[in-house]
Amino acid sequence: MSDKLAAEKDRVVSFHYVLTEVEGAELESSRSGEPMAALIGHANMMEGLEAALIGRTAGEQFEVALAPEQTFGERRDDWTQRIQKKHVPKGTRLRPGAQIQLQTDDGPRLVTVVKVGSSVVDVDLNHPFAGKTLVFAIELLEVREASEEELAHGHAHGAGGHHH
Ligand code: ZN
């Protein structure tokens, strides 16, 4: 029997992740920075990822593969939009293939530049990872009880979490 806390609702997990495509290249990793901290049971992360973390304890390493419908959805053909350049954050380098972040009614959204005109930009609204089965290689570093304040806020504080 281990006396380590297992990840469950209202506990905070800290973990490193390396995200790859199935049998593909690395897409994203937390390894170059601080680990990610998240409060379980408060929609802090993708459901499939959270489900894979539940019941795990610090020190465990594992992989979880998530289908597009569990992550960024299927890729939609011809899902482009023409936007005014003035809506693109200043200092953004605009060239076809570049990924830029736009503010939308649903929050920040990562899109891909398709074509650049003199005053407008055509962007592909598909998330760059849409349509891909993603594999998360997780190293769970810490599981701890959440503080009253974290529970009230619905997110983790401190390293890898919210700073405020
Ligand atoms: Zn907070």
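Biologist: On what basis are the values given, and which pLDDT do local features need?

Modeller: Residues are numbered from 1 along each chain as its sequence is written, and side-chain values use heavy atoms, with hydrogens and water left out. As the model is predicted, totals for chains, interfaces and linings use all residues, side-chain atom pairs count only at pLDDT 80 or more, and local features need pLDDT of at least 70.

Biologist: Which pattern does the protein follow along the sequence?

Modeller: Helices (H or I, at least four residues) and strands (E, at least two) are DSSP runs, numbered from the N terminus. The protein has two helices and nine strands. Read along the sequence, their pattern is β-β-β-α-β-β-β-β-β-β-α.

Biologist: What percentage of the residues count as buried?

Modeller: Buried stands for under 20% relative accessible area, exposed for over 50%, and partly exposed for values in between (1.4 Å probe, protein chains only). Of the 164 residues of the protein, the buried share is 37%.

Biologist: How many aromatic pairs are there?

Modeller: Rings of Phe, Tyr and Trp (its six-membered ring) pair if their centres lie within 6.5 Å; planes under 30 degrees apart count as stacked, over 60 as edge-to-face and the rest as tilted. By this rule, the number of aromatic pairs is three.

Biologist: Why is the pair of Tyr-17 and Phe-136 described as it is, and how many residues apart in sequence are the parts that it ties together?

Modeller: The ring centres of Tyr-17 and Phe-136 are 6.2 Å apart and the planes stand at 55°, so the pair is tilted. Tyr-17 and Phe-136 are both buried. Because Tyr-17 belongs to strand β1 (residues 11-21) and Phe-136 to strand β9 (residues 134-145), the pair ties together parts whose separation in sequence is 119 residues.

Biologist: Which residue has Arg-76 over its face?

Modeller: A charge sits over a ring if NZ of Lys or CZ of Arg is within 6 Å of the ring centre and within 35 degrees of the ring normal. Arg-56 lies over the face of Phe-62, at 3.7 Å from the ring centre. At 3.7 Å from the ring centre, Arg-76 lies over the face of Trp-79.

Biologist: What is the geometry of the zinc site?

Modeller: Donors are N, O and S atoms within 2.8 Å of the metal (3.2 Å for Na, K and Ca). The zinc ion is coordinated at 2.0 to 2.2 Å by His-153 (ND1), His-155 (NE2), His-157 (NE2) and His-164 (NE2). Four donors count as tetrahedral if all angles lie between 85 and 135 degrees. Here the angles among the four donor atoms are 97 to 123°, and the site is tetrahedral.

Biologist: Is His-164 buried or exposed?

Modeller: His-155, another donor residue of the zinc ion, counts as buried at 16% relative accessibility. His-164, with a relative accessible area of 67%, is exposed.

Biologist: With which side chain does the side chain of His-16 make a polar contact?

Modeller: His-16 lies in strand β1 and counts as buried at 11% relative accessibility. A polar contact is a pair of N or O atoms within 3.5 Å; within protein, one must be able to donate a hydrogen and the other to accept it, and residues adjacent in sequence count only if both atoms are side-chain atoms. At 2.7 Å, the partner of the His-16 side chain is the side chain of Ser-30.

Terms used: Four donors count as tetrahedral if all angles lie between 85 and 135 degrees; four count as square planar and six as octahedral if opposite donors are over 155 degrees apart and all others between 65 and 115; anything else is irregular.
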